[in-house]
Amino acid sequence: MDASWQFSNAQSGPAADALLVYDAGDTVTDLDDKPWNAVGRGLLADAPGIHTTALNALPSIWSRAHPRRGGTLAPDRVGVHSAASSTWEVCVGPAEPVSIRVPVGEESYRWTSRQSHRRVLLIVHNVTSAGRLLDVLPLFYNDFRVQLLVTSTGSSAFQAGVGELFAELELPVLPWTQALSTPVDLAISASFGGELPRIQGKLSVLPHGVGYTKKLAEPGTGNREPTFGLSPEWLLVDGKPFVDGLVLSHPEQVARLRRVCPEAFEAAVVAGDPCFDRMLAAHTYRDRFRRALGVRRGQRLVVLNSTWNPEGLFGSGDRDMLPGLLPRLAAELPADDYRLAAVLHPNIWYGHGPGQVRAWLDDACRAGLALIDPVRGWRQAVLAADAVVGDFGAVSYYAAALDVPVLMAADGRGRLDPETPLASFVRHAPRLDPHGSLRDQVERLLAGEHGWPDAANGVTSVPGASAKLLRRHFYRLMSLPEPAAPALLEPLPLPTYDPPRRTAPLRVRTRVYGVDVWIERSAVSPYGAPGDTHVAVHEDTRDPAALEVADLIMREGTPDDPRLGGWRGWSTDVVRCYPQCGMAAFVTGPHTCTVRTRNGALFRLSADTGMDADTGADLDPVAYASSLYAWLSSGGRVPPAGVRLRVHAAGGVHPVCVVPVTPLPRSATGEL
């Protein structure tokens, strides 16, 4: 290759190229024929004797390469010169995103319908940091003076999910090179990295966790690991701060900043925590969030939480606890007593890929684990939780601040700044013993004194005030009067209904006394546990052999689903295909199911939910079917008028009405 050039201003590649060319004794300039440097326009590297020829050829290549100039290519690195033929051959490298022209860009004034007084640029590094930007976005709603823009630095290793998030936002997206060259009145970032000092406008940086707590080396600083976002390495360029506003949630952070980086002290603004404020505002809807996750009366929701890093609960660090923990949770925590959910850091979710995460956790999900949306649903899950099994990430601390008991499974081994409230919490929180009984540990946690009174105070010093304080800060930086309307954050949305769908086989232990049936369902029956046992298997189990030995086979659906032949046709097929099966149960709703016994008896089961949500029946309808199975197996008979069973599970009594679908012959009232 005789010559190579790059039109892009991105400097990650040219620096290495320039060094190699200099070492070889060749020529390196920018596209204006000036000595190349890190802030110049592009790069031209060529062999001795052809530099002038290469420079003169660039305009024609430029016009061919950029669509807005009539070309068809958009390369950021091109070029081969053939000395023998004196012709140029264009080689296309990674494409540079095309700059937008509306509402900013070349001659944008010709195309915009409204001329905005101020431009606000949201800077996204990855999905994690974008979550905090989504929190503050409503502070600019209904202000016709403000044009919102969004860009991505491309500097984070975690780029997956950013494009989908931008598509959902439906805001104008500036390529990073255009964002650096476009004057804005305010730029807001929730992370560091990239070329933030080159932003042409006021810059405000928010934390994307519980303040600034973790140690992370800034690239090029060697082995030293300062506190991310709260140290000279992250805040200063040439000894001077490049941020105009450093948003902090607590005076404790201001004191640390003044001690470790006094140069940036003047930029500090205590403006609370909008993420936590949204959770506080939604606390009144806790029961709705629980119902959305399919948590029933008497059930305890246990949320597994992991930050990213090998040292996290999900990580494969020294202990690699999770692969052994998940099957034990399914085995030890009864299905009707506990609901399990997992909140994983977006860098886990998008770093490894949602499909890979689901593949790793497939068995756990088939046993009833819910995977929570790491951007839009994690706060609702924490609010709904009865307990969190977590690690040194921010979610565990948010949970403690909301008075949810936390069992610490991974402490991070020095990942945290030891002076932070989060580090103090991690040091003192009760520890999970991976070798002990998980059920005993969870129940002790739920029954014990788990309060952490300083947690809420450590999250924010101004609870509920972040919207007002942040909007005041942003508009001050823009030199723009605030709108007259109050500053408000978006309420947390109600998640879609996501009940557990257990397709892994369940061992069902029962004891019958009269019309009272005690039931406990889990993946494994404890050794020596009292009671009779039968096996209940979902028709969609991954192991077809499990259906061959199932005592009860179930599925859910609409009663008239033509694919199944309706519930009658489906249940007939089941008892015909599986001779061992004594009962087929078809779940028709949250509190109802229909069953067919082996001898053809049909029953409709409906929970007596009553008028009081605290005392009415509220179990998985398949648990009612298993209770009926046990009752009939013990000699029970369903009279023509039906029977009312009392099912004991999840710490309560759940009345269920069993009614024959049609008048039954005497032989069909109680035999399986």
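This is a predicted model: local features need pLDDT of at least 70, side-chain atom pairs count only at pLDDT 80 or more; totals for chains, interfaces and linings use all residues.
## Paired strands and a closed barrel

Two strands count as paired if DSSP finds at least two bridges between them. To find the spot by eye, look for Val517, which stands opposite Val647 in E27.

E21 and E27 belong to a barrel that nine strands close, in the order E20-E21-E27-E28-E26-E25-E24-E23-E22. The pairing around this barrel is mixed. On average, neighbouring strands here are turned by 30° against each other, with direction ignored.

## An open sheet of seven strands

Elsewhere you will find an open sheet with parallel pairing, whose seven strands follow the order E8-E7-E6-E9-E10-E13-E14. Its edges are strand E8 (173-174) and strand E14 (268-270), each of which pairs on one side only. Within the sheet, strand E6 (residues 118-124) runs parallel to strand E9 (residues 186-189), and four bridges join them. A handy landmark for this pair is Val120, which stands opposite Leu186 in E9.

Helices also meet this sheet. Helix H19, residues 466-477, packs on the sheet and touches E7, E9, strand E10 (202-205), strand E13 (245-248) and E14. The direction of H19 makes about 160° with that of E10. Helix H4, residues 162-169, lies across E6, strand E7 (146-152) and E8, and runs at about 165° to E7.

## Two loops worth a visit

The loop between H4 and E8 holds Glu170.

Another loop, between strand E5 (87-89) and E6, is the place of Pro103. Is the peptide bond from Val102 to Pro103 cis or trans? This bond is cis, with omega near 5°.

## Two crossing helices

Two packed helices are described by the angle between their axes and the distance between the axes. For helix H15 (residues 394-401) and helix H16 (residues 421-428), the axes come within 10 Å and cross at roughly 80°. Angles of 65 to 115 degrees count as roughly perpendicular, and H15 and H16 are therefore roughly perpendicular to each other.

Which residues meet where H15 and H16 touch? From H15 come Ser396, Tyr397 and Ala400, while H16 brings Pro421, Leu422 and Phe425. Sorted by kind, the residues of this contact are five nonpolar, one polar and no charged.

## Space inside

Rolling a probe the size of a water molecule over the atoms shows where empty space is left. How many cavities of 30 Å³ or more does the count give? The count comes to five, and the largest cavity holds about 190 Å³ of space.

The lining of the largest cavity has 18 residues, and those nearest its centre are Ala330, Leu340, Ala367, Gly368 and Arg502. Helix H10 (322-332) and strand E16 (338-344) each supply at least two residues of this lining. The largest share, three residues, comes from H10. By kind, the lining of the largest cavity divides into 15 nonpolar residues, two polar and one charged.

Key
Residues are numbered from 1 along each chain as its sequence is written. Side-chain values use heavy atoms; hydrogens and water are left out. Contact means heavy atoms within 4.5 Å. Axes are lines fitted to C-alpha atoms, for helices over the stretch in contact, and angles run from 0 to 180 degrees between N-to-C directions. Angles under 35 degrees count as roughly parallel, over 145 as roughly antiparallel, 65 to 115 as roughly perpendicular and the rest as oblique. Ala, Val, Leu, Ile, Met, Phe, Trp, Tyr, Cys and Pro count as nonpolar, Asp, Glu, Lys and Arg as charged, and the others, Gly among them, as polar. On a 1 Å grid over the protein atoms alone, a cavity is a set of points where a 1.4 Å probe fits but cannot get out, and a pocket is an open set with protein on both sides within 12 Å along at least five of seven lines; lining residues have an atom within 4 Å of a point. Grid points are joined across faces, edges and corners, and a volume is the space filled by probe spheres set on the points.
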